[in-house]
Amino acid sequence: MRNVYGTVIRQFDRAADRMGLDPSIRKILSVPMNEVVINFPVKMDDGRIEMFAGYRVQHNDALGPFKGGLRFHPAVEINEVRALATWMTWKSAIVDIPFGGAKGGIQCDPSLYSESEMQRITRRFAFSLGANIGPEYDIPAPDVNTNAQTMAWILDTYLSTLPPGDRHRALHVVTGKPVEAGGSIGRDKATGQGVVYCIERWAQDRSFDLSNATYFVQGFGNVGSWTARLLKPYGSKLVAVEDHTGAIANPAGIDPDELSVHVAQHGGVAGFSGTEAIDHEAFLRTQADIFVPAALENQLTAETTPWLDVKVKVIAEGANGPTDLDGDAILDEKGIDLLPDILCNAGGVVVSYFEWLQNKRSEFWDLDEVDGKLRRRIMGGYDRVRAAADEFDVDWRTAAYIVALARLERLYKRRGIFP
Ligand code: NAD
């Protein structure tokens with residue numbers, strides 16, 4: 001298992017050196033503010049007690065309350081959570097929203113537990129977190145293997161711990177809730193929608209015709225499936241998909257909407273009719289214009305990045321950290337454009353911010369309003385990153401870091417350090 005937090009630190013150092021980040025501010029931003037690790041017991045369906053390790057890392061809250069997802073996965077451990085929390089700080093800064101960065105999760109394999117066990121695991125973790133989360137302090141959201149239902153359980157547990165008169169004022173303790181429970185319309189597709197807006201802007205920049213484009217997607221969960229479905233109306237053709245059940249391909253095209261139905265019924269992409277099963281290497285060698293990694297970290301490395309076909313023109317990072325530093329260098333050599341994670345997948349946190357605002361104001365926005373505002377935030381972030389890439393003559397990941405770090409540097413210089 002590669003140490004993804006080491007990658008974050010090296011990305012940070014590279015950008016900080018290049019922009020000449022103030023050394024004091026560099027020290028502050030190079031470590032998370034708070035790290036909470038909770039070992040908690042849960043009663044299983046057969047009466048046994050099992051212990052679980054839950055994490056919440058709060059990287060920085062200078063720009064606003066800590067904000068970031070919760071992941072339920074066997075690979076969750078403190079360094080991964082630190083990395084994901086740090087990326088959240090940069091992400092909010094790039095798209096100019098008043099949030100800090102955090103991330104959390106439980107080390108577990110949800111496929112091994114019944115729904116009622118998952119509900120008890122989630123609720124007990126939320127209860128144990130106690131005042132470490134809060135609507136104006138630290139606001140969780142969904143990530144890998146968590147969804148609107150998970151958020152509804154956390155909301156209900158959190159509200160149950162408050163005095164009755166305070167409960168309606170705390171709906172914004174989590175985002176990504178079901179719409180019936182105070183969620184925002186458009187939050188389910190928001191990350192994928194942001195990825196697609198980013199690709200649209202890139203295509204404009206490059207005078208690239210999306211109506212003749214081909215793409216392939218790794219991960220067909222929330223981010224991957226929505227990205228795949230939302231690119232379809234542009235006329236682009238999905239030609240290969242990989243998830244934890246395997247990889248499938250059809251050069252004549254795969255319908256992402258039909259594939260979503262198949263995944264809902266069968267739990268994965270394997271066996272989708274009209275497609276051929278391929279192995280991981282063949283998947284990464286797919287001949288297509290756009291690759292959207294939307295699963296886990298460290299997918300494009302020294303070993304795998306050389307496999308990318310000469311036809312690939314851009315990597316749109318739906319996932320967090322899918323490319324390591326070697327992968328970045330090889331993309332650069334190959335002349336493949338990169339839409340870095342902290343810009344490209346920021347749509348989720350943007351619409352989480354909209355949900356949070358709607359809850360605070362007791363408002364309910366329609367989809368046009370949400371999508372229109374999301375589009376402006378993503379396009380604004382894209383333009384800032386492009387400007388920094390030009391000004392500092394750096395790759396787009398470093399440019400995205402520079403945008404984030406410069407915003408935080410300005411803020412810290414104004415506020416100063418107490419005492
Ligand atoms: P998800 O649980 O909905 O989907 C994860 C997908 O990854 C599934 O299709 C799963 O089959 C696939 N996968 C798991 N292991 C795999 C493997 N070894 N090879 C190939 N595919 C594999 O999760 P998600 O919310 O879509 O998150 C995916 C990525 O996007 C993560 O990196 C997450 O941090 C990032 N992200 C998510 C959001 C969000 O709003 N959900 C926002 C920003 C970034």
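Mentor: A salt bridge here is a side-chain nitrogen of Lys or Arg within 4 Å of a carboxyl oxygen of Asp or Glu. The model under discussion is predicted.

Trainee: How far apart are the closest N and O atoms of Asp 383 and Arg 201?

Mentor: Asp 383 lies in helix H13 (residues 367-392) and Arg 201 in helix H6 (residues 190-205), so the pair ties together parts that are 182 residues apart in sequence. Asp 383 counts as partly exposed because its relative accessibility is 24%, and buried would require under 20%. The two residues form a salt bridge, and their closest N and O atoms are separated by 2.5 Å.

Trainee: How many salt bridges does this rule give?

Mentor: The rule asks for a nitrogen-to-oxygen distance within 4 Å. Applied to this model, it brings the count of salt bridges to 36.

Trainee: Asp 22 and Lys 413 also meet in a salt bridge; how many residues apart are they?

Mentor: The N to O distance of this pair is 4.0 Å. At 22% relative accessibility Asp 22 counts as partly exposed, whereas Lys 413, at 54%, counts as exposed. Asp 22 sits in the loop between helix H1 (4-19) and helix H2 (23-29), and Lys 413 in helix H14 (residues 396-415); this link between distant parts of the chain spans 391 residues.

Trainee: Are Arg 397 and Asp 328 buried or exposed?

Mentor: Their side chains meet in a salt bridge at 2.7 Å, N to O. The pair links helix H14, which holds Arg 397, to helix H10 (residues 325-334), which holds Asp 328, across 69 residues. Arg 14, Glu 317 and Asp 341 are linked with these two in a network of salt bridges. As for accessibility, both Arg 397 and Asp 328 are buried.

Trainee: Which element gives the most to the lining of the second largest pocket?

Mentor: This pocket has a volume of about 350 Å³. Of its 18 lining residues, Asp 332, Ile 336, Leu 338, Asp 395 and Trp 396 are the closest to the centre. At least two lining residues come from each of H6, H10, strand E12 (337-339), H13 and H14. The element that gives the most, with four residues, is H10.

Trainee: Which strands stand at the edges of the open sheet of five strands?

Mentor: The order in this sheet is E1-E2-E4-E3-E5, with mixed pairing. An edge strand has a single partner, so one side of it is left without a neighbour in the sheet. The strands in that position are E1 (34-43) and E5 (138-142).

Trainee: In E4, which residue is the bridge partner of Arg 56?

Mentor: Strand E2 (residues 49-60) pairs with strand E4 (residues 101-107) in the antiparallel sense, over six bridges. In E4, the partner of Arg 56 is Gly 104.

Trainee: What angle does the direction of helix H3 make with that of E2?

Mentor: Helix H3 (residues 78-94) packs on the sheet and touches E1, E2, strand E3 (66-73) and E4. The direction of H3 makes an angle with that of E2 of about 35°.

Conventions. Residues are numbered from 1 along each chain as its sequence is written. This is a predicted model: local features need pLDDT of at least 70, side-chain atom pairs count only at pLDDT 80 or more; totals for chains, interfaces and linings use all residues. Side-chain values use heavy atoms; hydrogens and water are left out. Two strands pair if DSSP finds at least two bridges between them. Contact means heavy atoms within 4.5 Å. Axes are lines fitted to C-alpha atoms, for helices over the stretch in contact, and angles run from 0 to 180 degrees between N-to-C directions. Buried means under 20% relative accessible area, exposed over 50%, partly exposed in between (1.4 Å probe, protein chains only). On a 1 Å grid over the protein atoms alone, a cavity is a set of points where a 1.4 Å probe fits but cannot get out, and a pocket is an open set with protein on both sides within 12 Å along at least five of seven lines; lining residues have an atom within 4 Å of a point. Grid points are joined across faces, edges and corners, and a volume is the space filled by probe spheres set on the points.
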